[in-house]
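Here is a friendly walk through one protein model, moving from strand pairing to nonpolar cores and then to charged pairs. Please keep the structure open beside the text as you read.

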Amino acid sequence: MDKRQGLIDYIERSITENWDRNALTDYKGATLQYKDVARKIAKFHIVLERAGIQPGDKIAVCGRNSAHWAVAFLATLTYGAVTVPILHEFKADQVHHIVNHSDARLLFVGDQVWENLNEAQMPALLGVVLLPDFTPVVCRDERLMDAFEHRNVLFGRRYPKNFRPQHVRYRREQSPEELAVINYTSGTTGYSKGVMLPYRSLWSNVAYCHEMLRVNPGDHMVSMLPMGHVFGMTYDFLYGISAGAHLYFLTRMPSPKVIAQSFAEIRPRVISCVPLVVEKIIRKNVLPLVDSRLGRLMMHTPVVSDRIKAEVRHKAMELFGGEFDEIIIGGAPFNAEVERFLRSIDFPYTIAYGLTECGPIICSSRWEHLKEGSCGRAASRMEVRIDSPDPARVAGEIVCRGTNLMTGYYKNPEATAQIIDMHGWLHTGDLATMDADGHVTVRGRSKNMLLTSSGQNIYPEEIESKLNNMAYVAESLVVLQQNKLVALIYPDFDDAFAHGLQTADIEQAMEANRQELNQQLPAYSQITKVKIHFEEFEKTAKKSIKRFLYQEAKG
């Protein structure tokens, strides 16, 4: 880590150099300029000092993405306290557990989340503060209440001749290994662990964004990934702030309709999202343009295909605002057919692969250099290898080490020892191949791999990717039941009903899909049965299906 350019340096420099620029906007709401953010940070530092909070103390933040969420995070980080971001989707008992397990002394919380919490279940907290207006709703220390009530007066006394850029002088991290964030994993196994991310990890990830992305001061960015998850926290929020960008928080679920409306107005420069969002938008709004016999013919006729592809590309670009440099897709597997289509029209997407334990980046490449189906090469300051005798042909576990790596799991040395070996390699649990040029192609999770009675290894994600692209399929899971491969399918009921299908027709369509799918698969990986689900599969915050909930289903 270059000590001349640490994480706090990024933040401090951006605030002072972009003083009069817009910084944070709640979509359809208020906007804070960088100078407003700096003033709010300064007031919070006064409150923390007066309340006896020390650098290294833990402060939790739980709520939907918002300008005040960002302010609370930045105030904590620049004070030297440890931020504990908590996903607002977590249930009350999970929030209580994380607050207690992390030893948090303060909790900043969204008003909707707070309605379901019980302060008696979090006895070690000094106070609870609502994010919408920074009102303390629980104060167990008179110093904290006094500091909040008089923070404007105290601020005026400390800065009697106005607050200026020269007053922005934040505490520097004392060591690259100093703890900055404890990020509790949402997990697909139901077990949440506190990932300890030091300053070097956050710095390295933000530095990588500066190396790979093209965001300038004043450019617009949309923060729609939850900032309580490290992907959104790093790629959207920390990188955006350090680049002097103007961040917009949607404050609503990023449905295709919300994205179409907001992106047309905001016209973001860089977009980070999970595959599910891109797949839905492309399937419903772009693929129908070429999903006909004539359209497919024109796409492959040299004389006219370039023109058609250009028109389709323009339509796809406009759906996401039209002015973005690239879309970074991560957090879950990307549908192979959708990716192939996007590549055919030169749509600027890239696949990022990472883990919370690496804050998050492990592999990524700019879209111009991305190999189809892969997630790019190892990121800067990271080493990646495949634990296989023949990595180019035989899938093996992805292992990595480098500057991005966590220091371990909070209060859980046993779990740390299980994932990081004695040589510092982190064992991801993901299976992949790597070609001679270093392009990594993820095949699936080792824990998801299915072993049939014939001894064949099945990667369900590869089958699901094909199935999800078939008629009226919204999402699917391939599981092993009574030693037979079964496809659990949640149909796109809206689309099916719009085309006049009834429930019996949908069942027939799914059976037809099964037969068509099996024609594309070797005999040992063919699907023997389809089961329809009438509700969406339960997912984590990054929209990965919680497979463990469905693995034990019996036929």
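## Strand β6 and its partners

In strand β7, which covers residues 135-139, T135 sits opposite L130. Before going further, please keep in mind that this is a predicted model. β6 and β7 pair in the antiparallel sense, over four bridges. The hairpin they form has four residues between its strands, and F134 takes a positive phi there, near 55°.

β6 also pairs with strand β5 (residues 104-109), and here the two run parallel, joined by four bridges. On that side L107 stands opposite V128 of β6.

Is β6 covered on one face or on both? Strand β6 (residues 127-130) is covered on both faces. G127 and V129 are buried on one side, and V128 and L130 are buried on the other. As background, side chains in a regular strand alternate between the two faces of the sheet.

The largest nonpolar core has 139 residues. Those with the most contacts inside this core are L24, F237, F320, L342 and F347. Helix α3 (residues 67-79) gives the most to the core, contributing 10 residues. Apart from this core lies another one, of 29 residues, with I458, L477, V479 and I527 among them.

Leaving out residues up to four places away in sequence, F320 touches F263, P268, I271, V278, I281, I282, I327 and F347.

Helix α9 (residues 230-242) is mostly covered, with 13 of its 13 residues buried. After α9 comes G244, which has a positive phi near 80°.

β23 runs antiparallel to strand β24 (residues 484-491), and eight bridges join the two. Within this pairing, V479 stands opposite V486 in β24. V479 is also one of the residues in the core of 29 residues.

Which helices lie on these strands?

## Charged and polar pairs

Side chains of opposite charge can pair when their charged atoms come close. How many salt bridges does the structure hold? The count is 34. Here are some of them, with the N to O distance for each.

| Salt bridge | N to O distance |
|---|---|
| K28 and E265 | 3.4 Å |
| K284 and D492 | 3.0 Å |
| K371 and D435 | 2.9 Å |

Start with K28 and E265, whose side chains meet in a salt bridge. K28 lies in the loop between β1 (22-26) and β2 (31-33), while E265 is in helix α10 (residues 256-266), so the pair ties together parts that are 237 residues apart in sequence. K28 is exposed, with a relative accessible area of 60%, and E265 is partly exposed, at 45%.

Next come K284 and D492, which also form a salt bridge. K284 is in helix α11 (residues 275-285) and D492 is in the loop between β24 and α18 (493-498), so this pair ties together parts that are 208 residues apart in sequence. K284 is partly exposed, with a relative accessible area of 48%, whereas D492 is buried, at 18%.

K371 and D435 likewise meet in a salt bridge. They link distant parts of the chain, 64 residues apart: K371 is in the loop between β15 (361-363) and β16 (382-387), and D435 is in the loop between β19 and β20 (440-445). K371 is partly exposed, with a relative accessible area of 35%. Salt bridges that share partners also join R214, D325, E326, R366 and E368 into one network.

Finally, turn to D430, which has its place in strand β19 (residues 426-434). Is D430 buried or exposed? Its relative accessibility is 6%, so D430 counts as buried. The side chains of D430 and Y353 are joined by a polar contact of 2.6 Å.

Conventions: Residues are numbered from 1 along each chain as its sequence is written. This is a predicted model: local features need pLDDT of at least 70, side-chain atom pairs count only at pLDDT 80 or more; totals for chains, interfaces and linings use all residues. Side-chain values use heavy atoms; hydrogens and water are left out. A nonpolar core is a set of buried Ala, Val, Leu, Ile, Met, Phe, Trp, Tyr and Cys residues joined through side-chain atoms within 4.5 Å. Buried means under 20% relative accessible area, exposed over 50%, partly exposed in between (1.4 Å probe, protein chains only). Contact means heavy atoms within 4.5 Å. Two strands pair if DSSP finds at least two bridges between them. A polar contact is a pair of N or O atoms within 3.5 Å; within protein, one must be able to donate a hydrogen and the other to accept it, and residues adjacent in sequence count only if both atoms are side-chain atoms. A salt bridge is a side-chain nitrogen of Lys or Arg within 4 Å of a carboxyl oxygen of Asp or Glu.
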